Amino acid sequence: MTKERVKFDAVDLICIAASLALIIMALQSYLITDRLKYQLYTGLFSALICLLPMLLKHKRIMSIPSPLVLLIELAIFLHGYGVLLMQYDNMAWYDSVTHTTSSIVVGLCAFYILLEVNRPDGALDLGPMGMSMFLVLIMMTFSVYWEVFELFVDLLAGTNMQYSPFDTTRDMLSNAFGGFIASVYARYFMKNHPHYDVAEEFRMHPYLRRLLSSKS
Amino acid sequence: MVFKMSGRESYSAVIASAAVVAVLSLLPDNIIREGWSWSQDWMWFIVAMAGIAIIWYSGCSVQPSRHLMIFSILPLILQVILTTFRILESTDEIWILSLALQTWAATAFGYILALALNNKAGMRISNRWRLMFALMFACAFSGLYIFFMFTNLWFTGYPVYNYDLILFADRIEMNKRLMTPPIVATFGSVVATLFLRAVTKGSQEDSQ
């Protein structure tokens, strides 16, 4: 039995374009600034992550819905752009925008994972309200873990990941806001799609489906 | 006393302990030596009130085991004892210990809330997911604490903005102050959840 070919579409083009743009910006940044390693690694790592949704699709591991792919690309690109072209330093509000966007993306990813685990006969069966509650807690926890991680990296490696208490508090607020948006979306989505099958819609690889089923 | 209490009586004991903690948290640091000031422990007040609300919400839907009740009431009793030291001589060590007890209490309340949601709100949350909920509940409170810490630092005149903290050492020092509650909660919640897992394993909570 021959497998159906995975089509190359506009979203794949966007993934490649974002990746190329980040590589070009990384090279440009390498030539004109003295923060070589951090910018170079950030640029290259971000460029690689931009290709991930496309690779997952073409390797038939999973096929993330287009709106979510575009949001992921936006979050990664904004962060890479901010680091490589110094927008985090040039624009006071840039950090808030990237934190909000990233937390929406993380919240949605957490939502779809929970949705796959959420079953009437399983270990977890949450309604829309319960799902929202879980997502808010997940996002707050991730935010706390991230800020603690930043401080420990600064302490151990002498880096500058965490700026000031004001900056950290603003980041937490942005994350909370993004998490709130994700939880509102989750509640709306569950009410309107009560029988949404994540594994089916994401065209997950059978091994991944079995793994998620066994862990739930 | 707790060992022979009924579910309702032990719930009343938790509520009473939480109420005492809430009232004591409104006393400022060093009040005995220095008199009144605005250094109340507002986060403990919030956690204690949240605990009361959760216990009240769970009502008769949750019949807690003896071990779960002990796990819930112990941090509150210890905090009452610790407060007697705090109002005499408040130190960083006492504060950090208080944060650890707060994380412990928040983990317990989070678990009871998850149990109540399982029994009362039409959800199904297995014990493993309840433990996860409890851990995240405690971490979420520490996230809230960051806002309080920032306000406190700003109000007491510490440098909190980027332009105030040019030197690396100053920045690290201020961030350490801000992040003490989340750091304690990050590790404390894991320890508390592991203990909670042991407490609830094989118990009536595990089978619900």
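Helices, at least four residues long, and strands, at least two, are DSSP runs numbered from the N terminus, and it is just after one such helix, α7(B), that Gly202(B) takes a positive phi of about 75 degrees. The model described here is predicted. Its chain A comes to nine helices and one strand, and the contact between the chains takes 27 residues from chain A and 33 residues from chain B.

**Overall form of chain A**

- Read from the N terminus, the elements of chain A follow the order α-α-α-α-α-β-α-α-α-α.
- Because a compact globule of 216 residues would have a radius of gyration near 17 Å, the 19 Å of chain A agrees with that expectation.
- Taken along the principal axes, the box filled by the C-alpha atoms of chain A is roughly 55 × 45 × 30 Å, and 38% of the 216 residues in the chain count as buried.
- Among contacts in chain A between residues at least 6 apart in sequence, 72% join residues at least 24 apart.

**Contact between chains A and B**

- The contact draws 27 residues from chain A and 33 residues from chain B, and on the side of chain A that touches chain B, β1 (124-125), α6 (128-157) and α7 (165-192) each supply at least two residues.
- The element that gives the most to this side of chain A is α6(A), with 13 residues.
- Sorted by class, the side of chain A that touches chain B holds 15 nonpolar, eight polar and four charged residues.
- Strand β1(A) is joined by two bridges to strand β1 (residues 124-125) of chain B, and the two strands run antiparallel; within β1(B), Ile125(B) is the bridge partner of Leu124(A).

**Helix α7 of chain B**

- A kink of about 55 degrees lies in α7(B) at Met179(B), shortly before the proline Pro181(B).

**Surroundings of Asn30(B)**

- Asn30(B) lies in the loop between α1 (7-25) and α2 (31-34) of chain B.
- A residue is partly exposed when its count of other C-beta atoms within 10 Å falls between the limits of 12 or fewer for exposed and 20 or more for buried, and Asn30(B), with 16 C-beta neighbours inside 10 Å, therefore counts as partly exposed.
- Leaving aside residues up to four places away in sequence, Asn30(B) touches Ile87(B), Glu89(B) and Ser90(B).
- Asn30(B) and Arg177(B) are 147 residues apart in sequence, and their C-alpha atoms are 20 Å apart in space.

Methods. Residues numbered from 1 in each chain as written. Chains lettered and ligands numbered in written order. Predicted model: local features only at pLDDT ≥ 70, side-chain atom pairs only at ≥ 80, totals over all residues. Contact = placed C-beta atoms within 7 Å. Nonpolar A, V, L, I, M, F, W, Y, C, P; charged D, E, K, R; others polar. Pairing = 2+ DSSP bridges. Bend = angle between axes of the 7 residues up to and from the residue. Rg over C-alpha atoms; globule rule 2.2 N^0.38 Å.
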